[in-house]
Amino acid sequence: MRLLPNESELLGALSALLDASVEKRETWRRNSLAWAESEFVFEDGLRRFRELFN
Amino acid sequence: MKTARTEVPVREHKSVVVLCHVALDERNGGGMRTLLSYLSQLPDAAIHSVHFGDTANSGRHGLPVVSYMQLARRRFPMSIRGYISSLRQLQASLPNDPHFVLFPNTKDDVQLCLAATCVSGRTCVWLMDDFISTMYPTAPVRRHAFRAVFRQMYRRAGRRIAISTPMAREYAVRYGKQSDLVLGKRWHKGEIRGEPVRTRPVTMTDPLRVVWVGKYLPYYHEPIATFGRVLRANPDLPVVLDLYGQEPPFDGVVVPGRLEYRGPFNDATILTTLRAYDTALLTYSFDTHTRGFMRLSFPGKLTDYVSAGLPVLTVSPRDISVCDDIQNRIIGPCVFSPTRASCSARSARC
């Protein structure tokens, strides 16, 4: 026996994506970008990376 | 010692030596592409790649100059002395005292990186996953030996970079040394943006477009295969999934017209590619090895997805640490529940 993702739950998640309102999708979009802008900005990482080599 | 080196430029301000079983090359995975992006911002540095020749070196690195040194693999424990000798020779050949970037991912890497900490105090270990926890699962003596070697290497390194905050926390407890930096894949500030959300209705002729990018490995396979089964079982579901990566998916995964392999992607333009989609897919398989190996990782593809402003559908065991962030950030639906399946009934890949 082995573990696989639950197919019915995946189908439910796809349905949630299909049924999501524009507002809901806009929230997901904004949250994604907010995460990227707060933690994944190259310039911020580079400054700290360079400090390790000085 | 086998060497295959190119000329080192005469005028250089600093030297950086990268130690990894694979050569410094953008085709050797997302972690190495991340490392290359940072090295490219050290324009005065001469970069040297010391490796074991595990994959072909195509010379694709995007840096002004890289010299390569291929080492012959040596057997533990005499390997350490041999690698120290090789690294000292390299060190002596350089015009200045180099920084060593330790990029371990295999048992040979761990030995080579430990050797580097005996050669120089200017060492920085950069960890992309918790590979050491899954090494030698059925050989306890070797497992303990290499964990001890890894522990020494990690503690002796002058600087430590972890790929995720959970890894930094756990390694601080496990090895008694704090990480200096949590650092993974990132994008320039001006590149982080998304397309407006889709307002037109989803139909079978204009379906919801889902995208997955990455190197197709068993770590990621099972949820994608499950996605394919759901599409097959629901012919009226207006969803398509496109896969991009250097490796095609395993046999039987593609569902013509609905789950397709679109070939390799260009890392420099991946955000543009992603912005053409409605949703991104993040997957981890539910097997024990993946759950151990990937538990503390932070996938570069997730950085890409959110930097393109996409909602993310996550299909993963809940104990992968990045799921904490995904749930807290509310970036899309998640599937964490497993189901039990007979190996032979589902697939030959178990």
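Student: What should I know before I start?

Tutor: The model is predicted, so local features need pLDDT of at least 70, side-chain atom pairs count only at pLDDT 80 or more, and totals for chains, interfaces and linings use all residues. Residues are numbered from 1 along each chain as its sequence is written, while chains are lettered from A and ligands numbered from 1 in the order in which they are written.

Student: Which residues of α4(B) are buried?

Tutor: First, the general idea: an α-helix has 3.6 residues a turn, so residues three or four places apart point the same way. Here, B:Val149, B:Phe150, B:Met153 and B:Tyr154 are buried (20 or more other C-beta atoms within 10 Å of a residue's own, C-beta atoms being placed from the backbone; exposed is 12 or fewer, partly exposed in between). They sit on the same side of α4(B) because their arc around the axis (taken from the directions from the axis to the C-beta atoms) is only 135°. On the other side, B:Pro140, B:Val141, B:His144 and B:Ala148 are exposed.

Student: What do those buried residues pack against?

Tutor: α3 (107-119), β5 (123-127), β6 (159-162) and α5 (165-175) of chain B. Helices (H or I, at least four residues) and strands (E, at least two) are DSSP runs, numbered from the N terminus.

Student: How many residues of each chain are in contact?

Tutor: 36 residues of chain A are in contact with 57 of chain B (C-beta atoms, placed from the backbone, within 7 Å). The largest share of chain A's side, 11 residues, comes from α2(A).

Technical notes: Two residues are in contact if their C-beta atoms, placed from the backbone, lie within 7 Å.
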